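This report covers some residues, helix contacts and aromatic rings of one protein model. Please have the sequence and the structure in view while reading.

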Amino acid sequence: MNREIVSILDRLATGHRPSHEEALALVDHADTSELMRLAASLRDRGHGRIISYSKNVFIPLTHLCRDVCHYCTFAHPPKKGEAVFMPMEEILEIARKGAEAGCKEALFTLGDKPELRYRASREALAELGHETTLSYLAEAAETVYRETGLLPHLNPGVMTAEDLAMLRKVSVSMGIMLETASGRLSEKGMPHYGSPDKEPTIRLDTIRLAGEAKIPFTSGILIGIGETRRERIESLLELRDLHDEHGHIQEIIIQNFRRKPGTKMENAAEPSLEDYQWTLAMSRIIFGPEMNIQAPPNLSPDDLGALLDTGISDWGGVSPITPDFVNPEAPWPHLQKLRDDTAAKGFDMAERLATYPSYLDDKANWVDEDLHTNVLHLSDGEGFAREEIWSPGAELEPPQNIIDLIAHGPDAKPSLHIGQLIERATAGERLGEKEVADLFRARGEDFSAICHAANTLRQQVNGDTVSYVVNRNINYTNVCYFKCQFCAFSKGKMSESLRGDPYVLGLDEIKRRVQEAWSRGATEVCLQGGIHPRYTGQHYIDIVKAVKEVCPDMHIHAFTPLEVWQGAETLGITVREFLQQLQDAGLGTLPGTAAEILDDEIRAIICDDKINTAQWLEVMNTAHELNYHTTSTAMYGHVEGPINWARHLLVLRDQQEKTGGFTEFVPLPFVHMEAPIYLKGNARRGPTFREAVLMHAVARLVLHGQISNIQTSWVKMGPKGVEACLNAGANDVGGTLMNETITRSAGASHGQEMPPHSMEELIRSQSRTPRQRLTTYDDAPEERTQRSFQAAPLEELGFTHAKEFARG
């Protein structure tokens with residue numbers, strides 16, 4: 001090996017991206033194994049252990065094409081009795097079957113502008129009411145996403161700026177394989193001779209125009225059709241230059257030529273595995289760690305492990321419904337086999353959408369607004385595909401694969417990076433923002449290891465006891481003048497939620513409910529409500545006094561930082577003065593709700609008129625200084641993601657390190673069904689089950705040494721979800737509630753009360769010991785415990801209709 005090559009390889013190993021000259025210098029470097037090791041290390045740096053794929057349906061809109069590539073069996077002339085274009089009914093039938101099978105992508109493939117060559121195409125288009133193939137494609141794509149929710153990815157061939165603008169409105173991504181940048185392959189006797197749309201400059205111009213139109217774009221090269229290795233590198237460098245200019249190429253596909261009977265190249269030699277590996281490795285080296293490099297698994301089914309060694313990060317589209325119409329001789333591998341083969345090399349498969357997560361993070365710039373709702377409903381917090389139907393509050397079984405991964409925890413082998421983060425967190429070290437976000441992105445073995453580490457910490461800190469409190473929720477009004485986009489509880493003329501009647505509870509009804517709760521063994525009442533425009537801080541003080549009047553020993557857990565802030569403001573006093581007045585009246589502790597996500601970037605979207613992060617912290621800091629204890633919460637799974645969750649937990653950790661006033665952390669997964677932000681199409685369907693479990697597990701790790709109690713919500717997670725979280729760091733199951741209004745208003749189905757015998761049965765099912773506690777986590781008195789197991793049925797609730805705040 002000459003000194004120049006050694007010098008280049010040394011620089012590449014440090015993360016240096018090769019120049020054109022350096023990349024071309026490696027053309028003659030034949031040590032494929034060395035290139036593969038370098039490429040794999042780059043891939044691991046950018047993608048970790050994740051190998052992505054898209055679950056799709058393949059829709060061949062037309063097999064007619066004006067080009068005559070010498071290796072292609074997809075395109076053919078018109079055939080008697082065969083429809084020139086796939087009818088809309090057939091397109092929808094395929095798409096609906098795909099949606100039922102869990103597919104997220106509708107991949108439209110077609111020949112290039114057949115109407116320019118075939119009269120049959122022009123006549124068929126006229127019957128369909130269109131002048132061009134691309135016009136019919138636009139109608140088909142729009143119909144599919146509106147009727148089935150699938151996200152269209154379009155491969156229409158060469159396009160003008162006008163074509164791209166039209167199709168951008170009905171698709172989330174597009175693509176065109178460059179195949180080669182060498183004009184030599186279009187000369188007579190070569191595979192692209194007679195195919196005007198395979199002229200490299202024309203294809204490169206389409207890719208450039210797609211970048212200008214800000215379209216997430218797919219491209220790549222086809223190897224083994226007569227090109228040289230130098231020409232492959234030159235083609236990849238052309239693509240890299242366009243991506244450097246526009247940032248729009250989301251993946252590079254390296255497709256290996258497969259000879260097909262009946263073509264002019266049916267006897268041509270296919271590229272060897274080593275040649276394919278060399279090209280894949282060079283692709284990763286040229287594009288660097290972040291690019292998505294794809295190798296179609298159906299074209300090398302016996303060599304999947306060998307392909308993973310080259311630095312690829314994506315398997316491309318895999319369909320459980322339709323064949324690969326471009327390579328019909330190569331069936332898709334079964335998804336479970338693909339997962340198993342991928343896992344055997346130490347990687348976890350993650351389903352993605354047709355658009356990659358980095359582009360969905362900035363979908364306002366990259367995806368047409370009309371498609372945003374479909375994208376949100378199909379994606380998880382990272383922008384990968386939502387692989388499960390479970391949602392918080394729904395009566396659905398959690399996905400078994402996640403339950404199995406939790407159980408696998410003791411045998412999990414995490415990646416080096418995640419293993420180191422776990423070790424540092426369990427030692428009580430404060431992790432950085434990006435490091436916490438990396439924990440939230442965990443899948444597979446890393447997920448199992450995080451859950452196990454959290455469960456181990458839980459056992460060390462809390463033992464095998466699981467606590468709960470017998471309490472009653474009293475929501476004294478649902479009238480609210482704030483417009484929180486996630487809230488389905490608030491009602492009235494100013495509310496974002498249009499359903500249900502506004503109400504208020506008079507002091508007499510509040511007292512009655514408190515007395516009834518005490519008779520049923522409760523030790524706590526939790527009082528929260530909407531921010532009624534006529535309520536001042538004095539009304540909150542009056543509520544506390546009313547409770548103490550009828551039940552002096554009842555602990556009052558009441559008023560979020562929002563109510564405290566608003567109450568102080570209406571009285572013209574400081575937050576400290578108001579909290580002192582509440583304390584003098586008998587308030588015991590404060591709930592840590594209204595936190596939502598403590599990141600103002602997210603609060604600007606979901607609750608822009610609410611108190612901001614600094615104000616929430618000011619209330620909590622002041623309360624802690626006045627010797628109040630408070631809870632802390634996170635309401636997650638709507639528009640935010642791992643980096644926002646990380647910021648939230650670190651804000652809580654830093655506050656706790658300062659004042660020590662938080663008794664617990666309570667993850668509150670977003671219940672989407674009736675939430676205004678979801679009904680408007682602007683939010684996800686809550687966190688996935690994996691994300692919900694991770695919120696408990698990561699919180700246990702990140703808050704270790706600061707907050708000792710991690711609570712899981714049976715109302716939102718359901719009994720099976722609670723079981724999972726108890727094995728992933730949680731040690732508390734919250735309150736029996738007696739009444740639950742806020743979560744049920746959002747569409748949850750898990751009931752309004754979980755009485756003590758049910759609570760303890762659930763806890764014992766996990767081989768844990770139940771403990772009835774007070775709000776402050778001391779043991780509940782024996783008299784209260786006994787009374788709670790002898791509770792009479794609840795009386796009918798009384799409400800006063802707030803007619804003046806009703807709509808219409």
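Pro87 is partly exposed, because its relative accessible area is 31%; buried means under 20% relative accessible area, exposed over 50%, and partly exposed in between, with a 1.4 Å probe and protein chains only. Pro87 is found in the loop between strand S1 (50-62) and helix H4 (88-100). Helices (H or I, at least four residues) and strands (E, at least two) are DSSP runs, numbered from the N terminus. Between the C-alpha atoms of Pro87 and Leu61 the separation is 8.4 Å, and the two residues are 26 residues apart along the chain.

The model is predicted: local features need pLDDT of at least 70, side-chain atom pairs count only at pLDDT 80 or more, and totals for chains, interfaces and linings use all residues. Residues are numbered from 1 along each chain as its sequence is written, and side-chain values use heavy atoms, with hydrogens and water left out.

Is Met349 buried or exposed? Met349 counts as buried, because its relative accessibility is 9%. This residue lies in strand S9 (residues 348-352). Leaving aside neighbours within four places in sequence, Met349 is in contact with Ile51, Tyr53, Trp315, Leu335, Leu338, Arg339 and Thr342; contact means heavy atoms within 4.5 Å. Met349 and Asp28 are 321 residues apart in sequence, and their C-alpha atoms are 34 Å apart in space.

Next come two pairs of packed helices. Axes are lines fitted to C-alpha atoms, for helices over the stretch in contact, and angles run from 0 to 180 degrees between N-to-C directions.

| Helix pair | Angle | Axes apart |
|---|---|---|
| H3 (residues 32-47) and H10 (residues 273-287) | about 45° | 8 Å |
| H21 (residues 537-550) and H23 (residues 575-585) | about 20° | 9 Å |

H3 and H10 are therefore oblique to each other; angles under 35 degrees count as roughly parallel, over 145 as roughly antiparallel, 65 to 115 as roughly perpendicular and the rest as oblique. The crossing of H3 and H10 is left-handed, meaning that the near helix is turned anticlockwise from the far one by less than a right angle, while clockwise would be right-handed. On the H3 side the contact is made by Thr32, Leu35, Met36, Leu38, Ala39, Leu42, Arg43 and His47, and on the H10 side by Glu274, Gln277, Trp278, Ala281, Met282, Arg284 and Ile285.

H21 and H23 are therefore roughly parallel to each other, and their crossing is right-handed. Gly537, Tyr540, Ile541, Val544, Lys545 and Lys548 of H21 meet Phe578, Gln581, Leu582 and Ala585 of H23.

Rings of Phe, Tyr and Trp (its six-membered ring) pair if their centres lie within 6.5 Å; planes under 30 degrees apart count as stacked, over 60 as edge-to-face and the rest as tilted. How many aromatic pairs does this rule give? The count comes to 12 aromatic pairs. One of them is the tilted pair of Tyr476 and Tyr540, with 6.2 Å from centre to centre and 50° between the planes. Tyr476 sits in the loop between strand S11 (471-475) and strand S12 (503-504), 64 residues apart from Tyr540 in helix H21, and the pair links distant parts of the chain. Both Tyr476 and Tyr540 are buried. Tyr540 and Phe559 form a tilted pair as well, with 5.1 Å from centre to centre and 40° between the planes. Phe559 is in the loop between strand S14 (555-558) and helix H22 (561-571), 19 residues apart from Tyr540. Phe559 is buried, as is Tyr540.
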